Every structure is written in C-alpha cells, then in structure tokens.
Amino acid sequence: MTRLVYIVNQFFAGLGGEEKAGLPVGVLEGSAGAARAFERALGEAAEIACTIYVGDNYFHEHKEAAIKAILAAVGAAEPQVLVAGPAFNSGRYGLSCVEICNAVANHLEIPCLTAMHEENPGVDAYRELANARVFCLPTAETTIGMADALGRMAQFAIRLARRESIGSALNEGYLGRGIRRLEKTHRRGAERAIDMLLKKLHNQPFDSELPMEVWDDAVPAPPLAQVKDRNIALVTTSGVVPWGNPDRFKTYRNTYWRKYNIAELKELEPGKWEAVHGGYNVAYMNQNPHYGVPLDALRTLEAEGAIGPGRLYPAYYVIPGNQGSPAVMRRLGQEIAADLKKDNVEGVLFVAT
Amino acid sequence: MSKEIEKAGLPVALISAMFPVAQQVRANRIVKGVSIPHPCGDPSLSKEHDARLRREIVRTALKALEAEVKGPTLFSPPLATGG
C-alpha cells in the first residue's frame, strides 16, 4: 500500500490559530486535522503514515531547526510521497509548504506535492526553486475550495507515489515551474510550428510548446519636472564590475546585486573594469566600460548643467542580467528600489544589455 | 527589474538595444540603444563621435524621465544609427 506523510501548520492540525503559531515541529501518528479529510479522499489506495505539524511563525523564525526536525521525521516514516497544505492564500503557510517540499525532495529524493492559490507568495518561491520533484496545484483563495483541492491533490499524490510520469503543467493542471522537458514526438518541429501558425492565422486556439511569461503592466511612474534638479542613479544589467570581479558574480543566473562607488571618478578607465556576463560578447565592454556605465557622458552632462551638481548618485547598481529568472529579477528590482528610495533617488537611468 | 523600480514610484529610462523586448515586457520609458554588446555607443565610430553618441543617448534618457507617458514609449536618440 502507498504510504504518505502529510505536513500541516498548527491551524490545519487542529491545534489552534494565531496564538499557537509559535508551536515547534511535532509528529502525530496517522492522520490528523486536514490530513483526515485527505485520507478519505485517497480512498483505499493509500495511507498516511504520520501527520507533521509546525507553527507558521516557528517555521520562519527557526527555519534550520524546523527543516532538520521535519527531514528526520519524514525520513523515519519512509513515505513514497510527501504532501503539504493546501495553503490557499496564507502567505507564511504557502512559503513553508514550498520550502519543506523543496528540502524533502532534495534530501530524501521523493516527490512532494503542495497546493495553494496562484497569488500566494509561496508560488513565487516554487517557481524560483523550480525543483523537478516538487509540484504545486492551484486552489481557491480560501478554504471554500478545500474539498475540491483535497480531491485533486489525492489523485495527483497517488500518481506521484506510483512514479507515473507527469506531463506538462498545461496538460496535468499543476502550476508551471518553467522547466523545459524533452518529449518524443513523431512530428517534426517545422510541421508543428506551421500547424500552430495556421491556427493562429485562423484565430483558432492553440497551445505553444514554449509558453512565454505573461507580463503585467507597470503603471508608469509620474515624470520628473526639471530633471536637472533631481537625484538620478544609474542601474545596469551589463555586468560591468571592478576588475577582478570582487563580489564573484557568475556569468549567468545571479541572485544578488551590488553597487560600486563612482563618486570620485570622471570616467571608467579600461583595464580597471570588466564585464561579467555570459549572454553577449564582452570584448567591446571590456575595451570601453562606458558602453554599459556611461559615466563619461554623465560627467559631461553634469558640466553642461543637464544634471545638477551633486545630483548623480555616488554609486552605480549592477547585476549581470544573463538568464535571470523573472521572479529573481523582480525581487532584485524591489530591493534596489528600496535602497534608492532610502537615499532619496528620484529617477533611474537603466542600461540593459 | 526596471518595472519593479517604476512600481516603487521612480521613473526609469531603460536604455536597451533590444527595445522590441522591452516593449513586449511592458517597460514604459524605453531609449533605443545601439547594439546588445554596446548599448551606450558604437565602437565603429571615432572616439570623439562615439563619446558624442553616448552623450546623446544619455541626454535622451534624461528627457524621457521628464516625459509624461501612458504605456510603453520608445525614445530615439538623434544620432543613433540603430545598427
């Protein structure tokens, strides 16, 4: 018989609400709380070995200890699959479900399943981690969707436990993680592409084999009156950094930004700066770093009065943008925006390669 | 990244040679850069012309920050060849 382990927070374990959010990791034999209803949805095909709970606050305040305890408890129960949630639109719970699934999938090498509303911040973490062993099903925003979520989760969990091969997010109904998978097909790419094109021309629905990210509109920030009297900063994804790459940026998939002081500089001297980036030929940028960080032009415009004295921020912000995942880039953008606002910057020049 | 900065209320002038992509991802103030490996300038020009082109690109970006826009808007620097 298929064995599962179920993870819940204090609330769905039936132990209490916010006042119990500090509860450390605990193990209940068999099914408890939300896991009971899940076990009914599983029917005869599977059983729940144990239900592990952890308080929403405890997990985030003692993450290392919590994950260690959970890994030990799951390991001891030897399940074929781990199930966490559903977290609906509860942010702390959604994040902990995803992080627990990721840790268990990596350390115990078993498939893990969770479920939550698409706007739960846990979904961003799920996409950022893009763990091929972790699946997240969409749910309603609130517990109104409980019965529906548990039914779909039970069916999915049984398939994972049986090591069935799971197809694309589109066909299988889980939330896409942006993992590209190879599939065998008897029809060559040109035929499939022409098929899609014909459907598009006839306004018929079709599914892309490589769905593009859907981009939301950012409402334009209001313009600056008199830019010469405003504080301006430069941000770039070109990867231009001091020679020697002191912060050890990689040529792709970076997850942090840095800023480098230019307060005393009139220009960037070739040989003192280099471009770290795996997505374009960096030879030009190495010869003349101004192609990515146009400090010479900024200083001239300062002298002309187009930028007011002392208005150029004394450092520039950089990350090599190559292969950055949209979720990471969004976070970096938010972090940089917070840093800029802290120092009263009012407008940004952004050089993208 | 630039959109998150805009969402925080700071106008961003995005200098990029991949301006169709910038439009597609819905950046708002987009300044036409020269080429992907050298958005701010053109190494095939003389040193002096290259520096002048770079200055015009940055000047256009500063003007873009002063412009009222409703959605993705492309600003072309006067000297840019676009090549």
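Two strands pair if DSSP finds at least two bridges between them, and the strands and helices named on this tour are DSSP runs numbered from the N terminus, with at least two residues (E) for a strand and at least four (H or I) for a helix. The model is predicted, and local features need pLDDT of at least 70, side-chain atom pairs count only at pLDDT 80 or more, while totals for chains, interfaces and linings use all residues. Residues are numbered from 1 along each chain as its sequence is written, and chains are lettered from A and ligands numbered from 1 in the order in which they are written.

Begin by selecting A:Thr236, whose bridge partner in β11(A) is A:Val318. Now widen the selection to β7 (residues 232–236) and β11 (residues 312–318) of chain A, which pair in the parallel sense over 4 bridges.

Next, show the whole open sheet, in which 7 strands with mixed pairing follow the order β9(A)-β11(A)-β7(A)-β12(A)-β1(B)-β2(B)-β3(B). At its edges you will find β9 (258–261) of chain A and β3 (73–75) of chain B, each pairing on one side only.

Where do the two chains meet in this order? Select β12(A) and β1(B), which pair in the parallel sense over 5 bridges; here A:Phe350 has B:Leu14 as its bridge partner in β1(B).

Two residues are in contact if their C-beta atoms, placed from the backbone, lie within 7 Å.

By that rule, 43 residues of chain A are in contact with 39 residues of chain B. On the chain A side, α9 (283–287), α10 (295–304), α11 and β12 each give two or more residues, and α11(A) gives the most, with 9 residues.

Now colour chain B by element: along the sequence, chain B follows the pattern α-β-α-β-α-β, with 3 helices and 3 strands.

Finally, go to helix α5 (residues 121–129) of chain A, where A:Gly122, A:Val123, A:Tyr126 and A:Arg127 are buried, a residue being buried if 20 or more other C-beta atoms, placed from the backbone, lie within 10 Å of its own. Show also α4 (91–108), β5 (112–116), β6 (134–138) and α11 (326–342) of chain A, which are among what covers these buried residues.

Key
Buried ≥ 20, exposed ≤ 12 C-beta atoms within 10 Å, placed from the backbone.
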